[in-house]
Amino acid sequence: MEAIEKRHEPGHPSPNLRDYDDACARFSWAAARALMAQLPGGGLNICFEAVDRHVPLLGEHVALRCLTRQGTRRELTYRELAAQTSRFADVLARLGVAKGARVFGLMGRIPELYVAALGTLKRGAVFCPLFSAFGPEPLFSRLSIGDGAVLVTTPSLYRKKVAGLRERLPALQHVLLVRETPGEELPPGTLELEALLRAASPDRPVEPTRPEDPALLHFTSGTTGKPKGALHCHRAVVQHHVTGALALDFHPADVFWCTADPGWVTGTSYGIISPLTHGLTVLVDENEFDGERWYRQLEEERVTVWYTAPTAVRMLMRLGDELPRRFDLSRLRFIASVGEPLNPEAVQWSVRALPHAIHDNWWQTETGGIMIANFRAMPIKPGSMGKPLPGIRAGVVEKQANGEYAQVPTGAVGELALRPGWPAMFATYLHEEERYRRCFASDWYLTGDLARVDADGYFWFVGRGDDVIKSSGHLIGPFEVESVLLEHPAVAEAGVIGKPDPVAGELVKAFVSLKPGFAEGEALRAELLAHARKRLGAVVAPKELAIVASLPRTRSGKIMRRLLKARELGLPEGDLSTLEAP
Ligand code: ATP
Ligand code: MG
């Protein structure tokens, strides 16, 4: 597939990163750190960098523009956000919540969530976002692993999901509720946040945190197993800022929309912190996916930079090429995607239908920020995740006979690894020190993903270590097979697994769901198998294919291949706390 060269569009500012090699040669983390305002004596605080530092120059600029479920909008300027987060920090201090204590947030994408997250950081406590659709058990396990001292939530979420857990959560001292209807009675054992905020001081200063002080606790998506609690420090803000400039091409006055929920790391690192450090207006949409409304929103809210995920892109693709043409998307300058591989077909579609290329980038909860990206000024090779950020050294490695890890030759598949030392790197998995240590070997952080690098230095995702299929001596990445299935006009989504086979070791089995207007049937199944065989060859193509109504996904939209496999083989289904309700 040919690389996509991009033209400079008149009327748009030129890219921040114009020459990749030059940017890498010039880059240093010390210089990146110097872009931060910092606190006296070398302190660093995410909230200060995201909010307070902007008040003198951008005080009246809108920081958060929240579109509510009721169809109204609530805006907070940088000055208002600074005052509200100070009040929240003061509330915590008055309640006796110590520096380093963990504050959990459980609510939809409402302004209070953003105030609680940033206010917790201002207090020097650790914020842990929870996805609001979690049921009681996933909430219990995360609150207890994280030793939650404070929970900020709404009365209805509290009644439905948390009240029954209180006895089992002795560390949980305070529950602060964001009232949904005025005058509504609050359950016993809770406090009303609004009243506390009113009584608190809007001038409480930022806690003088150090770069190494813990700031955020993020649970992984649970795609491959039980979610892990990755702890991040205030130093992460340096990377959030720099990657916003280089990978997302933030410019002053941008309106930025990140569709991820703050319950996942993307929704915090890039849905809150990164754009605010640049003084942008962040669009926050409380509502769920609706393709037509999304396109309208991009037009009406004059979004300039949009960060979304392959699952949303595939849903938009299902709605066809005509729909986006009804909207004026000319303000959009840059679109990026993360979370799962972005199939080449999706990139081609975006160029044709939006018409703007979607730029894939790769990172993990553990890395805290973007590590590998397709940059605005760089040609896109559809299906590639791009190149490492300046300041990041990535390699593809393999364990040697002596137990050490070494890089494999160009083009060969191995484990994607990173040289430790970037600012947003996690500090540990909470209560799982040993597991944390096992991620490091021979000076590399091992990501658990398989990849290859081509001669031009582009990285290509092959699959998660656990998902890769070994068939008749070949290593087959599910991504490659899924991408070919997605080329077929009938296919909406595809998930591919390895199924134990006495002869081949494993054989490739595909599950696909169909686009509207296509009917399941033996003829279509045979056609899909034939299409895959023609494009992939007999060794890599699926031997079995099932047409299903939908594929199991995490709530952050990732296909759960481990669940497809467990169901296929009749094995235990494992931790399902992040499974999207069918
Ligand atoms: P768990 O670790 O609990 O199984 P998870 O790995 O899905 O869950 P996240 O940290 O949210 O949790 O996701 C990071 C992973 O998502 C990466 O390791 C990679 O497998 C996948 N991923 C993210 N971005 C991309 C991308 N652009 N291309 C391919 N895969 C991606
Ligand atoms: Mg992971």
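**Figure 1. Arg109 and Asp261 form a salt bridge whose closest N and O atoms are 2.6 Å apart.** A salt bridge here is a side-chain nitrogen of Lys or Arg within 4 Å of a carboxyl oxygen of Asp or Glu. Arg109 sits in the loop between strand E3 (102-106) and helix H6 (111-123), and Asp261 in the loop between strand E10 (255-258) and helix H11 (265-277), so the pair ties together parts that are 152 residues apart in sequence. Helices (H or I, at least four residues) and strands (E, at least two) are DSSP runs, numbered from the N terminus. Both Arg109 and Asp261 are buried; buried means under 20% relative accessible area, exposed over 50%, and partly exposed in between (1.4 Å probe, protein chains only). The model is predicted: local features need pLDDT of at least 70 and side-chain atom pairs pLDDT 80 or more, while totals for chains, interfaces and linings use all residues. Residues are numbered from 1 along each chain as its sequence is written, chains are lettered from A and ligands numbered from 1 in the order in which they are written, and side-chain values use heavy atoms, without hydrogens and water.

**Figure 2. Lys499 pairs with Glu544 in a salt bridge, with 3.0 Å between the closest N and O atoms.** The two residues are 45 apart and link distant parts of the chain, Lys499 being in strand E26 (residues 491-501) and Glu544 in strand E28 (residues 544-547). Glu544 is partly exposed, at 26% relative accessibility. Elsewhere, Arg69, Arg109, Asp261, Glu286 and Glu288 are joined into one network by salt bridges that share partners.

**Figure 3. A salt bridge joins Glu49 and Arg53, whose closest N and O atoms are 3.3 Å apart.** Glu49 is buried, with 0% relative accessibility, whereas Arg53 is partly exposed at 27%. Side chains of opposite charge can pair when their charged atoms come close. The salt bridge count comes to 49.

**Figure 4. The second largest pocket has a volume of about 1,000 Å³.** On a 1 Å grid over the protein atoms alone, a pocket is an open set of points where a 1.4 Å probe fits, with protein on both sides within 12 Å along at least five of seven lines; lining residues have an atom within 4 Å of a point. Grid points are joined across faces, edges and corners, and the volume is the space filled by probe spheres set on the points. The lining of this pocket has 38 residues, and those nearest its centre are Arg74, Ile110, Glu112, Val178 and Arg179. Among the elements that each supply at least two lining residues are strand E1 (62-67), helix H5 (78-94) and helix H8 (155-162).

**Figure 5. Glu207 lies in the loop between H9 and strand E8 (214-219).** Glu207 is buried, with a relative accessible area of 18%. Leaving aside neighbours within four places in sequence, Glu207 is in contact with residues including Leu39, Asn45 and Lys99; contact means heavy atoms within 4.5 Å.

Figure 6. Asp443 is in the loop between strand E21 (440-441) and strand E22 (444-453) and is exposed, at 59% relative accessibility. Ser472 is in the loop between strand E24 (469-471) and strand E25 (474-476) and is partly exposed, at 48%.
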